[in-house]
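Visitor: I have a new model open and would like to go through it with you. Can we start with how you name its parts?

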Amino acid sequence: MSLVAGSYEKFIWGFTLLSNSQTLNPLFSYPSHLSSIKSVAVSGPVVASGGEDDTIQLYDLAAAASLGSLHTHSATVTALSFYAPPHLPFPRNLVSADASGNLSIFDADGFVHLTTLSVHRNSAINDLALHPSGERALTVGRDECLAVVNLVRGRRNCCLRLGKEASLVKFDASGDQFFMAVKEKVSVHQTEDARILFELECPKPVLCATPAKNGLLYTGGEDRNITAWDIKTGKIAYCLEEAHTARVKGIVALTESDGATGDDDPYLVASASSDGIIRVWDVRMAAREKPLTEHNTRSRLTCLAGSSLKFKRQRPQDGKSKSKVVKQQRALSGKSKSKDRRIG
């Protein structure tokens with residue numbers, strides 16, 4: 001299991017969670033961007049980060065090596081998301097959003113740029129969510145709109161006026177419902193018709209949220225708490241009060257399952273705060289309100305992503321590891337010479 005965090009100080013941090021000792025083992029940390037990092041995404045051993053320098057940086061987490069960068073955007077990269085089919089251990093696509101309202105789609109094999117769509121015209125995209133099928137995406141922006149994007153045909157289907165600016169949008173694990181955060185409120189919607197089911201009321205603005213496969217939604221933000229919501233009833237299942245000394249900027253739900261046992265109950269939850277600390281919680285012992293382990297990055301963290309997929313870290317001197325990284329770097333360096341390929 002792995003965690004990746006970005007910071008205001010341009011640094012990216014990579015960790016593996018050692019299951020035998022339940023400790024965070026640092027993999028790497030270095031200034032990967034020219035300005036602050038706004039978003040990170042992880043899929044298996046592949047990591048992407050987006051920053052205010054308008055670039056996307058790519059990494060091989062297993063080899064702790066950089067794979068290169070993408071320069072498609074001309075504005076701050078505000079959101080990133082990988083699409084990985086359930087039967088594959090690696091991603092098929094990378095989708096990115098920026099502060100000028102554009103959405104870019106890449107083939108993760110060589111990170112070839114497929115297309116760029118103007119989704120929120122001249123208005124920053126705050127967040128994006130990919131449906132588990134990989135066929136559509138939702139975006140919310142500063143123009144107070146919710147956009148539905150057809151990823152197969154590469155076009156925006158519709159744009160719904162919300163009348164208020166949403167900062168977050170997430171699908172649940174099944175894709176049947178999605179969530180939107182507007183300051184202190186999180187609304188739960190039916191995906192089929194966007195009908196609102198109910199609202200979750202938080203004491204202070206919500207800055208991050210992640211759904212889990214067990215029917216819970218974890219939220220964090222200005223209240224410094226980690227709250228688990230039962231999305232069937234709209235009630236609080238439990239709350240880790242004062243989880244951090246500053247606002248919570250990222251939450252990840254991790255599972256120990258490799259898919260063989262069918263046990264996908266996420267009892268490990270990781271959180272990152274602008275106080276610089278990353279903590280991992282065993283929510284089965286939520287009453288203790290003490291983290292299982294933590295790491296102080298001594299920086300102002302801005303985002304957090306993670307993967308439950310287990311992999312072996314490759315040694316730098318390993319010839320196979322080197323050849324794999326070199327192959328991916330060559331694919332990235334030659335991407336500008338490749339012709340765009342139609343999505344789907």
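Guide: Gladly: strands here are DSSP runs of at least two residues in state E, and they are numbered from the N terminus. Please keep in mind that this is a predicted model.

Visitor: Fine. Where does Asp 127 sit, then?
Guide: Asp 127 belongs to strand β12, which covers residues 125–130.

Visitor: Is Asp 127 buried or exposed?
Guide: Asp 127 is buried, because its relative accessibility is 7% and the cut-off for that class is under 20%.

Visitor: And what does the side chain of Asp 127 reach?
Guide: It comes to 3.0 Å from the backbone nitrogen of Val 169. If neighbours within four places in sequence are left aside, the contacts of Asp 127 include Ser 167, Leu 168, Val 169 and Lys 170, and also Ala 79, Leu 138, Thr 139 and Val 140.

Visitor: What share of the contacts join residues at least 24 apart?
Guide: That share is 45%, counted among contacts between residues at least 6 apart in sequence.

Visitor: How accessible are Glu 199 and Lys 185?
Guide: Glu 199 counts as partly exposed at 40% relative accessibility, and Lys 185 is likewise partly exposed, at 37%.

Visitor: What about Glu 242 and Arg 224?
Guide: Their side chains form a salt bridge at 3.4 Å, N to O. Glu 242 is in the loop between β23 (235–240) and β24 (248–254), and Arg 224 is in the loop between β21 (216–221) and β22 (226–230), so the pair ties together parts 18 residues apart in sequence.

Visitor: And which distance goes with Asp 282 and Arg 284?
Guide: The salt bridge between the side chains of Asp 282 and Arg 284 has an N to O distance of 2.9 Å. Asp 282 is buried, with a relative accessible area of 9%, whereas Arg 284 counts as exposed at 58%.

Visitor: Last topic: which residues touch the most other members of the largest nonpolar core?
Guide: Leu 3, Tyr 218 and Ile 278 do, in a core of 31 residues. Beyond residues up to four places away in sequence, Leu 3 touches Trp 13, Phe 15, Val 252 and Ile 278, among others. Apart from this core lies another of 16 residues, including Val 95, Leu 117, Ala 147 and Leu 151.

Terms used: Residues numbered from 1 in each chain as written. Predicted model: local features only at pLDDT ≥ 70, side-chain atom pairs only at ≥ 80, totals over all residues. Heavy atoms only, no water. Contact = heavy atoms within 4.5 Å. Helix = DSSP H or I, 4+ residues; strand = E, 2+ residues; numbered from the N terminus. Buried < 20%, exposed > 50% of the residue type's maximum accessible area, 1.4 Å probe, protein only. Polar contact = N/O pair within 3.5 Å; in protein donor to acceptor, adjacent residues only side chain to side chain. Salt bridge = Lys/Arg side-chain N within 4 Å of Asp/Glu carboxyl O. Core = buried A, V, L, I, M, F, W, Y, C linked by side-chain atoms within 4.5 Å.
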